[in-house]
Amino acid sequence: DFFHLPKGLPALIMAEETQKKAAKVGFDWNGYEGPLAKIHEELAEVEQEIGDHQRVEDELGDLLFSIVNLSRFLGVNAEESLGRSSRKFQQRFQSMLMRIRKERLEIGQLTLDEMDFYWNQVKNAEKNGTFGLF
């Protein structure tokens, strides 16, 4: 088996290691422009396949694989990057909930636009350096 990777690797790490092994024998882009163009191509294929669960699942996998490839070219660890983004989302969501509760509102009773209002308050507070301050 050419790839011979440990079983049980997280999918993002497996994708990156797969790409590295292929690159070692010259099967690789010359620069980040190739993976970036591939992302656009794969995104269009996802859009085209919406409605066909199996096909869209395959295309989403291809899109994620392409994103990992761009990450590799840019020297970004995809696994760590996604982990940081997930934690950032969790923190923002928690702050949004706190703001909603402070106004004695129930999140389940708000519309998406109303929740988005509070979400944007949190994002703006982060940008202004007043994160967590109400």
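Figure 1. The model is a predicted one, in which local features need pLDDT of at least 70 and side-chain atom pairs count only at pLDDT 80 or more, whereas totals for chains, interfaces and linings use all residues. Residues are numbered from 1 along each chain as its sequence is written, and side-chain values use heavy atoms, with hydrogens and water left out. You will find 5 helices and 0 strands here (DSSP runs numbered from the N terminus: H or I of at least four residues for helices, E of at least two for strands). The C-alpha trace spans about 60 × 35 × 30 Å along its principal axes.

Figure 2. Asn69 sits in H3, which covers residues 53-73. Is Asn69 buried or exposed? Its relative accessible area is 10%, so Asn69 counts as buried (buried is under 20% relative accessible area, exposed over 50% and partly exposed in between, with a 1.4 Å probe and protein chains only). Beyond its neighbours within four places in sequence, Asn69 makes contact with Gln19, Asp28, Trp29 and Pro35, where contact means heavy atoms within 4.5 Å.

**Figure 3. Helix H4 and what covers it.** Helix H4 runs over residues 78-102, and its end C-alpha atoms are 36 Å apart, in agreement with the 36 Å that its 25 residues should span at 1.5 Å a residue. The expected span is 1.5 Å times one less than the number of residues. Among the buried residues of H4 are Ala78, Gly83, Arg92 and Met96. The cover over the buried residues of H4 includes helix H1 (11-24), H3 and helix H5 (112-127).

Figure 4. Most residues other than glycine have a negative phi. His4, in the segment before H1, has a phi near 35 degrees, a positive value. Arg104, in the loop between H4 and H5, has a positive phi near 60 degrees. Where do these two stand on accessibility? His4 is exposed, with a relative accessible area of 63%, and Arg104 also counts as exposed, at 76% relative accessibility.
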